[in-house]
Amino acid sequence: MSWYDVVRRGLAAGPARRALASVESKSSWPKNRLVVLMYHRIDHDHGDGRYPGLISATPNEFRRQIGYLADHYRIVSIDELRAAALGSEELPDRAVLLTFDDAVDDFRRNALPTLSAHGAPAAVFVPTAFVGDPEGVFWWDAMHAAVTTTERRDEVDTPAGRLLLATATDRSAAYRRLRDYCLTLTNTAATELATSICADVEVQPPPAAVMDWDDLRAIESAGIACCPHTRSHAHLDHLTADEIREEVGGSLADLRRELAAPPAAFAYPAGLVTDAVTDAVRDAGIELAFTTERGTNIVRSQDPLALRRINVSRRTGFEVTRTQFLPLADRLRAHATRREPSPGQRSQR
Ligand SMILES: [Zn+2]
């Protein structure tokens, strides 16, 4: 068991969990402080080859999390955040915003019923070129399926180097190597590489993963904000200024064509952001944009196009995630940043 598992299990045990809840309830929050949670998928691992590391919670665990947040925090909407950012309203105390990247099809099935039961708003970030495309498979899912479901146990030569596939450990390492390599490519090149490796190791890519337009209209009617996340889930730091504009403005235009009222809020795919990307986002009329940089926000002090989030993952566990909400965690993070500049997270989608 790793030290991390020890901490996670310790915090989930009764006395520590009660102590954490007590610290949470006694912590005083600065005005307009906002925690933004970043979810991806809510599901079980069906063994279909899709990358299970992006399953943020199982449906049961998600029910527990949202129940807790609804009882102890105030789940706010994108509209409430926008009003606070513009200065026309204040955020309520203990404000938490729920975000879901990639608009994966399990959202409607596994997340929406729980959110609706609590009347909880949320934002879903949609890579619009994938919507309703039966061939629309994310490169990381195709790549993961290739190396983990292939029957091949010999070595495979790829542009990322020679991959070992003999053991489960080898195959996990092969996936991580390919993923890190793909993040240095354009999204198009990464997708082509994933397709070619699937063919090399004789694996069918997994099924398409993104909701279709009817799904998106249904979740929008249920109070979920559907927001742009580029068209092709582009690695924006690799594109020209014109290509960035096409991806960012195009995804907002797609949503405006198909849906009633998509907000001008955006999430940077894989957290990849440069000054040219921020310029294009601002020029597209986007008012709020979310990074994958871990942290919380004091709305109005924080750049509204560089909002920080806290990732939710099964590995971290909900109790550990909640310790990252605490105002004390901001001070520890600021102290750590002063001592050791963070290289930034590049692996979150
Ligand atoms: Zn994404």
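Gly285 follows helix H11 and has a positive phi, near 85°. The model is predicted. Helix H11 itself spans residues 275-283, and its buried residues are Val277, Ala280 and Val281. Seen down the axis of H11, these buried residues fall within an arc of 100°, so they line one face of the helix. What do the buried residues of H11 pack against? Their partners are helix H10 (241-258), strand S10 (265-267) and strand S11 (288-294).

Thr230 has a phi near 70°. Arg300 has one of about 90°. Both sit in loops. Thr230 lies between strand S9 (224-228) and H10. Arg300 lies between strand S12 (297-298) and strand S13 (307-311). Their surroundings are as follows. Thr230 has 28 other C-beta atoms within 10 Å, so Thr230 is buried. Arg300 has 14 other C-beta atoms within 10 Å, so Arg300 is partly exposed.

**A covered strand**

Which residues of S5 lie on each side? One side holds Ala95, Leu97, Thr99 and Asp101, and the other holds Val96, Leu98 and Phe100. All of them are buried, so both faces of S5 are covered.

| Strand paired with S5 | Sense | Bridges | Example of bridge partners |
|---|---|---|---|
| S1 (residues 33-39) | parallel | 6 bridges | Leu37 and Leu98 |
| S4 (residues 74-76) | parallel | 3 bridges | Ile75 and Val96 |

Leu98 and Val96 of S5 both belong to the side that also holds Phe100.

**Two domains**

The chain is divided into domain 1 (30-134 + 210-339) and domain 2 (139-200). Domain 1 is thus written as two segments, and domain 2 as one. The C-alpha centres of the two domains lie 28 Å apart. How many residues does each domain give to the contact? Domain 1 gives 10 residues and domain 2 gives 9 residues. On the side of domain 1 that touches domain 2, there are 4 nonpolar, 5 polar and 1 charged residues.

Glu135 lies in the loop between strand S6 (122-126) and helix H6 (139-149). Is Glu135 buried or exposed? Glu135 has 8 C-beta neighbours inside 10 Å, so it counts as exposed. Glu135 and Pro205 are 70 residues apart in sequence, yet their C-alpha atoms are 9.1 Å apart in space.

**The chain as a whole**

The secondary structure comes to 13 helices and 13 strands. The C-alpha atoms fill a box of roughly 55 × 50 × 45 Å, taken along the principal axes. A compact globule of 349 residues would have a radius of gyration near 20 Å, and the chain agrees, with 20 Å. Buried residues make up 42% of the 349 residues.

Among contacts in the chain with a separation of 6 or more, 69% join residues 24 or more positions apart.

Note on methods. Residues are numbered from 1 along each chain as its sequence is written. This is a predicted model: local features need pLDDT of at least 70, side-chain atom pairs count only at pLDDT 80 or more; totals for chains, interfaces and linings use all residues. A residue is buried if 20 or more other C-beta atoms lie within 10 Å of its own, exposed if 12 or fewer, and partly exposed in between; C-beta atoms are placed from the backbone. Helices (H or I, at least four residues) and strands (E, at least two) are DSSP runs, numbered from the N terminus. The arc is that of the directions from the helix axis to the C-beta atoms. Two residues are in contact if their C-beta atoms, placed from the backbone, lie within 7 Å. The radius of gyration is taken over C-alpha atoms; the globule rule is 2.2 Å times the number of residues to the power 0.38. Ala, Val, Leu, Ile, Met, Phe, Trp, Tyr, Cys and Pro count as nonpolar, Asp, Glu, Lys and Arg as charged, and the others, Gly among them, as polar. Two strands pair if DSSP finds at least two bridges between them.
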